[in-house]
Amino acid sequence: MTISKSWFSYLTRAFALSLCTGLLLNFVSCSDSSTSQDPKVVTSTYTVKHLLQNLQDDNYTEEAAEQKTGTYGTQTAAAAKTYEGFTAKTFAQETIQADGSTVVEIYYDRNTYTLSYSTEYGDAPSSKPVKYGYVLTAEDLPVLSETRYYFFNGWFFDGAPIVPGYTVKIDITLTALWQEIPKVPKENFSAVIAALTEDSTIILSGELTDSDLTAIATAIKGSSYKVNLDLSQTTGLTSIPASTFMDCSKLSGITIPDSVTSIKDEAFSGCKSLSSVTIPDSVTSIGWAAFRGCTALSSVTIPDSVTSIGDNAFQSCNSLSSVTFPDYVTYIGGYAFDGCTSLSSVNIPVVPTISDYAFCSCTSLSSVTIPDSVSSIGDNAFSGCTSLTTITVDSNNAYYSSINGILFNKDATALITYPAGKQSAAYTIPDSVTSIGYNAFRGCTSLSSVTIPDSVTSIGWAAFRGCSKLTSISFKDTTTWYRTYSSINWNNKTGGTETDVSDPATNATYFKDTYPGYYWYKL
């Protein structure tokens, strides 16, 4: 076939145009494809940690960790779990990182509940907040003291007994269960005592005679267990006879019936386990040594009906820390509270007389206030009270006064008691003083020097006994001093032995060691 030159030229131009058009269309097609394609999607992992609050402190411990996935650059989708007894705290979502390092921490606080108590008798413990999972201890479940007619039988919740180890998961109110103490007729008393398997309270009923009470005391003395005896439901007794319960070591408590008007001599003397005594308002007198040596007795309330507290009534009750006196007792006997070493404070009642040695050797007694009613304070009433720093006397008292915490008679001519607990190292006796009383400085452990003015002509028995640091006693007038072991010679100022008192150091030795139990007088 022969193609003309003109036709060939036409074909060449058409091919070129077609090629150019194809390239253009291809360029446009490529451009559209690159701009319309979606970017590549990148996913990553992240961690969600769940941390629970500890029971014993406010820190948190990891409970669980979850691995989740999400799109890089977007927010996590962490969610709190449900844990019994815990509440999730507010938390924030995090931005997901491509390297998987993103962590969301969710903290859960323990719920707080209230532990409370309910009791029909006695004093319930105070309510308190506790965290979920708190385990009750013995301290949370105290044994309540029995009442006159009921004894404590444990703590209960929803009808079930609660013991240490119980776990608190909700608000809880513990209820005290009480059981009535059975009343025992006197005829059955000995058999009941013989059958005891633990320390017990026994409420006695019926009419009692003195001989019945003696038989009851005998049974308790033979018991293997301690007995808290309640006589409030009995009749017939008008007194607790002398020595009835003397040395009854198994008697731990006594409730005296309101038919009783007097507690006789040594009625409870030597009852070393006796820790509680209920004295009714009917009692008017407490006899000699009635509670002497009751070393477990820690407190006693003496009703207003009592007018007389006998000699040695509470002597050597060394656990007795609190005494409530009646308002109008007329007599506190000699040695009544002698040796009550735990007695830390005394409010002397409206009483005319504080007898000899009434509060002697009460080594915890720190202060005493003498009311205006007191007209007589016996010898050594407060001697040996090594913690006593101050004796205060009501300004209206007509018979006594106090100067710098030291007890004098009203016109300060007689120094009666220098408190043994005073911390002064030196003391100059006032010029008004003419006599120094019995045991006046007994037991002063800080006093190192004393100056005695020339006005003093009489020094009582053992005035400086037990003053362990005393190294100097200076007499302003050293002439015609005599010592004697006889109170008669001392009162009459005759028959003594003249003694040189010119050397202060020697004088201290005389009064502390050589002649500690002598009287001294000056002519």
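Guide: The largest cavity is lined by Ile 459, Gly 460, Ala 462, Ala 463, Phe 464, Phe 511, Tyr 515, Pro 516, Tyr 518 and Trp 520. The model is a predicted one. By class, nine of the lining residues are nonpolar, one is polar and none is charged. The space inside the largest cavity comes to about 30 Å³, and the structure has one cavity of 30 Å³ or more.

The cluster is made up of Tyr 418, Tyr 427, Phe 441, Phe 464, Phe 475, Trp 481, Tyr 485, Tyr 510, Phe 511, Tyr 515, Tyr 518 and Trp 520. Tyr 515 also has a charged group beside its ring: the charged end of Arg 483 sits over that ring, 3.9 Å from its centre.

The structure as a whole holds 33 aromatic pairs. One of them joins Phe 245 and Phe 268, which are stacked, with 5.3 Å from centre to centre and 10° between the planes. Phe 245 belongs to the loop between strand S13 (239–240) and strand S14 (251–255), and Phe 268 to the loop between strand S15 (262–263) and strand S16 (276–278), so this pair ties together parts that are 23 residues apart in sequence. Phe 245 is buried, at a relative accessible area of 0%. Phe 268 counts as buried too, with 0% relative accessibility.

The ring centres of Tyr 427 and Phe 441 are 6.3 Å apart and the planes meet at 50°, so the pair is tilted. Tyr 427 is in strand S30 (residues 426–428), while Phe 441 is in the loop between strand S31 (435–436) and strand S32 (449–452); the pair links distant parts of the chain, 14 residues apart. Tyr 427 is buried, with a relative accessible area of 12%, and Phe 441 is buried at 0%.

Strands come next, starting with S28. In strand S28 (residues 406–409), Ile 406 and Phe 408 point one way, Leu 407 and Asn 409 point the other way, and all are buried. Strand S27 (residues 400–403) pairs with S28 in the antiparallel sense over four bridges. Ile 403 has Ile 406 in S28 as its bridge partner. The hairpin of S27 and S28 has two residues between the strands, and Asn 404 there takes a positive phi near 55°.

S28 also pairs with strand S29 (residues 414–417), in the antiparallel sense and over two bridges. Leu 407 has Thr 417 in S29 as its bridge partner. Four residues lie between S28 and S29 in their hairpin, and Ala 412 in the turn has a positive phi of about 60°.

Elsewhere, five strands form an open sheet of mixed pairing, in the order S6-S5-S9-S7-S8. Strand S6 (128–131) and strand S8 (160–161) are at the edges with a single partner strand each, so one side of each has no neighbour in the sheet. Inside this order, strand S5 (residues 112–118) and strand S9 (residues 172–180) pair in the parallel sense over four bridges.

Strand S7 (150–157) and strand S11 (200–207) each give at least two residues to the pocket lining, and the largest share, three residues, comes from S11. By class, the pocket lining has 10 nonpolar, six polar and four charged residues, whereas the lining of the largest cavity has no charged residues.

Thr 69 counts as exposed, at 61% relative accessibility. The C-alpha atoms of Thr 69 and Ile 96 are separated by 8.9 Å, though the two residues are 27 residues apart along the chain.

Note on methods
Residues are numbered from 1 along each chain as its sequence is written. This is a predicted model: local features need pLDDT of at least 70, side-chain atom pairs count only at pLDDT 80 or more; totals for chains, interfaces and linings use all residues. Side-chain values use heavy atoms; hydrogens and water are left out. On a 1 Å grid over the protein atoms alone, a cavity is a set of points where a 1.4 Å probe fits but cannot get out, and a pocket is an open set with protein on both sides within 12 Å along at least five of seven lines; lining residues have an atom within 4 Å of a point. Grid points are joined across faces, edges and corners, and a volume is the space filled by probe spheres set on the points. Ala, Val, Leu, Ile, Met, Phe, Trp, Tyr, Cys and Pro count as nonpolar, Asp, Glu, Lys and Arg as charged, and the others, Gly among them, as polar. Rings of Phe, Tyr and Trp (its six-membered ring) pair if their centres lie within 6.5 Å; planes under 30 degrees apart count as stacked, over 60 as edge-to-face and the rest as tilted. Buried means under 20% relative accessible area, exposed over 50%, partly exposed in between (1.4 Å probe, protein chains only). A charge sits over a ring if NZ of Lys or CZ of Arg is within 6 Å of the ring centre and within 35 degrees of the ring normal. Two strands pair if DSSP finds at least two bridges between them.
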